[in-house]
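This report describes selected features of a protein model, from helix packing to aromatic rings and the backbone. Please keep the sequence and the structure in view while reading.

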Amino acid sequence: MKGFVRENQTVGLCGLSCGLCPMKIGGHCPGCGGGAGNQSCPIAKCSMERENFAYCMECSDYPCGKYEDFDQWDSFITHQNRKKDLSRLAELGEEAYTTEIIEKRKLLEILLAECNGGRKKTFYFLAVNLLPLSVVREILEQAQKWKDWAEMSPKMRETLIVPLFEKEAKRCGRELKLRKKV
């Protein structure tokens, strides 16, 4: 959106974890308020028309009608944790929360580089977005201690680590699948 610029492109105005989005990581999007490449966004437009809030939760009208049905479907990134993530941002503060997202991104990059046999990219993006940092970190650390980990192919690692993420997702009541609008 022309003229929409924000300091922190890791965490979206609306609560999306832009730093964990496949479009941003792939270099196809600068992130929320990152300048050229921003898509038209009614929430960004609202922010510009109002007081240019850093995050929607700062607005006295939050959550407003723009959030109605927003969480039902996913885009390139899951929308499932958006409100929960805004609450976490409020609880931790911007700096600590952004640091958490950056750490999650580092773990995601390891998963994509070392444990992706070619068909689990979206799965890893979802797992890192939807599961707590401590869980993602613990699963990866546990896997890296397995005998012969260093010699395993990414496909073999994927075969072993994916069930761990699925088990944790089930325990947390999450499905590691994008919800497409039909």
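Two residues are in contact, or touch, when they have heavy atoms within 4.5 Å of each other. The structure is a predicted model, in which local features need pLDDT of at least 70 and side-chain atom pairs count only at pLDDT 80 or more, while totals for chains, interfaces and linings use all residues. Residues are numbered from 1 along each chain as its sequence is written, and side-chain values use heavy atoms, with hydrogens and water left out.

## Contacts of Val-162

Val-162 belongs to helix H7. Helices here are DSSP runs of H or I with at least four residues, numbered from the N terminus. When residues up to four places away in sequence are not counted, Val-162 touches Lys-120, Phe-123 and Tyr-124.

Along the chain, Val-162 and Tyr-124 are 38 residues apart, and their C-alpha atoms are separated by 8.6 Å. Val-162 counts as buried because its relative accessibility is 6%; buried means under 20% relative accessible area, exposed over 50%, and partly exposed in between, using a 1.4 Å probe and protein chains only.

## Aromatic rings

Rings of Phe, Tyr and Trp (its six-membered ring) form a pair if their centres lie within 6.5 Å; planes under 30 degrees apart count as stacked, over 60 as edge-to-face and the rest as tilted. How many aromatic pairs does this rule give? The count comes to four. In one of them, the planes of Phe-123 and Tyr-124 stand at 75° and the ring centres are 5.8 Å apart, so this pair is edge-to-face. Phe-123 is buried with a relative accessible area of 8%, and Tyr-124 is buried with 0%.

Phe-123 also forms an edge-to-face pair with Phe-165, with 6.4 Å from centre to centre and 80° between the planes. This pair links distant parts of the chain, since Phe-123 is in helix H5 (residues 121-130) and Phe-165 is in helix H7, 42 residues apart. Both of these Phe residues are buried.

## Charges over rings

A charge sits over a ring if NZ of Lys or CZ of Arg is within 6 Å of the ring centre and within 35 degrees of the ring normal. The charged end of Lys-120 is placed in this way over the ring of Phe-123, 5.3 Å from its centre. Likewise, the charged end of Arg-157 sits over the ring of Trp-149, at 4.8 Å from the ring centre.

## Packing of helix H4

Axes are lines fitted to C-alpha atoms, for helices over the stretch in contact, and angles run from 0 to 180 degrees between N-to-C directions. The axes of helix H4 (residues 94-114) and H5 come within 10 Å and cross at roughly 155°. H4 is therefore roughly antiparallel to H5, a term for angles over 145 degrees. Residues Lys-104, Leu-108, Leu-111 and Leu-112 in H4 meet Lys-121, Tyr-124, Phe-125, Val-128 and Asn-129 in H5.

H4 also packs with H6, at an angle of about 35° and with the axes 10 Å apart. Among the residues making this contact are Leu-107 and Ile-110 of H4 and Val-136 and Leu-140 of H6.

## Backbone features in loops

Tyr-62 and Pro-63 are joined by a cis peptide bond, with omega about -10°. Pro-63 is found in the loop between helix H2 (42-49) and helix H3 (82-92).

Asp-148 lies in the loop between helix H6 (133-144) and helix H7 (154-171). Phi of Asp-148 is near 70°, a positive value in a residue other than glycine. With a relative accessible area of 44%, Asp-148 is partly exposed.

Terms used
Helices (H or I, at least four residues) and strands (E, at least two) are DSSP runs, numbered from the N terminus. Angles under 35 degrees count as roughly parallel, over 145 as roughly antiparallel, 65 to 115 as roughly perpendicular and the rest as oblique.
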